[in-house]
Amino acid sequence: MQSKHLLASTLLAGLMLSLGTTAGFANEIKPIHVNPNLFGNLTALNSPNPVLAFKGTENKNGYTYYNLTVTNWQQINAALFTSAPDLPACGANTNSSRTWVDIYDAQSNQRIYGFCAFSNPENLTKLWFAVQQGKTPPQSVYIVLHDRKTDRKYRSNAVSLGQTALNEDCIAFNPNNTAVENVQGRWTIVENGNHLMFNFEGDRARAEQSLRTIKRYGMNKSCFVGRPQPSFQYMLVNNAAPVGAMRGEDCIPFNPATTTVSKINNRWKIVDGNHWMFDFEGNQAEAEQSLAVIRKYGFNQSCFVGRPNAKFTYLRR
């Protein structure tokens, strides 16, 4: 069996070398069909599908670079990116990764670009492809992680490239300097005695519960879409989503990969299937920006303190 593997690897490596690579792009790969039976009947690794987000563009050397990230990279099984010298080489690289990553045009399903030398899931935060300036880029893209040992493929959601990079509106604060104070008869979360952050009217218990939540997660940024009357608010921890469950919290799970913006009864909403999550009335732009935020940070839990009419809401992973 070992000689069979060596023979298959040698033949396929020769084919890859004959195909060559794109000049200047060291990670570029040429797709070939690999028969998984050559490598035995192996058990697929347990890993979620990637959640893809568009980060923006940059221009250099006559090309526009489209930058992408996988927001749930921390949940991707690291074993997918171990080196695999027993599998066909990637060009001259005989020690490429077990899993190759390909970017596809979501309209035509044509492969655009690929990476074959990733060593860990965090590399998925630095995906990109380039289009020569003056040429038309794809409208939207998705990625596929191809585990070559088992021939299993993990496909992401499609993301639009028509949007610009997010221009987020956030206010930083120090959770260690926050307290609940009575300000003119209203229980309020205050930073440093003068930065009024969240107003709970006469509900001191909810104010204190919300402050405990902020300190439990270490939230240090309060962010908005559409101020002065924001249609969407979220909290961050060091420019990332709050992570993990808090005992007794009130959260509703959702899937960011299947969440969309839909017009329902003449109102723009963010929905996950039949679950209506956020209502933006007539403002489609704010709905789409909010969905981009959800996908960027990989939020999958919508949480409340004191439903109905919660005075404090947050999203987490």
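## Disulfide count and pattern

A disulfide here is a pair of cysteine sulfur atoms within 2.5 Å. The model is predicted, so local features need pLDDT of at least 70 and side-chain atom pairs count only at pLDDT 80 or more, while totals for chains, interfaces and linings use all residues. Residues are numbered from 1 along each chain as its sequence is written, and side-chain values use heavy atoms, with hydrogens and water left out.

Searching the whole structure gives 3 disulfides. Count the bonded cysteines along the chain, and the pairing reads 1-2, 3-4, 5-6.

## Cys90 and Cys116

Cys90 is bonded to Cys116, with an S to S distance of 2.1 Å. The torsion about this S-S bond is about -75 degrees, so the disulfide is left-handed. Cys90 sits in the loop between strand S2 (63-70) and strand S3 (99-105). Cys116 sits in the loop between strand S4 (111-115) and strand S5 (127-132). The pair therefore ties together parts that are 26 residues apart in sequence. Strands (E, at least two residues) are DSSP runs, numbered from the N terminus.

Cys90 is buried, at 7% relative accessible area. Cys116 is buried as well, at 1%.

## Cys170 and Cys223

The sulfur atoms of Cys170 and Cys223 lie 2.1 Å apart and form a disulfide. Here the S-S torsion is about 110 degrees, so the bond between Cys170 and Cys223 is right-handed. It links distant parts of the chain, 53 residues apart. Cys170 belongs to strand S9 (residues 169-172), and Cys223 belongs to strand S13 (residues 221-225).

The two ends fall into separate classes. Cys170 is partly exposed, with a relative accessible area of 26%, whereas Cys223 is buried at 0%.

## Cys251 and Cys303

Cys251 pairs with Cys303, again with S to S 2.1 Å. The torsion about the S-S bond of Cys251 and Cys303 is about 105 degrees, so this disulfide is right-handed. Cys251 is in strand S15 (residues 250-253) and Cys303 is in strand S19 (residues 301-305). The bond therefore joins parts 52 residues apart in sequence.

Cys251 is partly exposed, at 21% relative accessibility. Cys303 is buried, with a relative accessible area of 0%.

Definitions and conventions
Helix = DSSP H or I, 4+ residues; strand = E, 2+ residues; numbered from the N terminus. Buried < 20%, exposed > 50% of the residue type's maximum accessible area, 1.4 Å probe, protein only.
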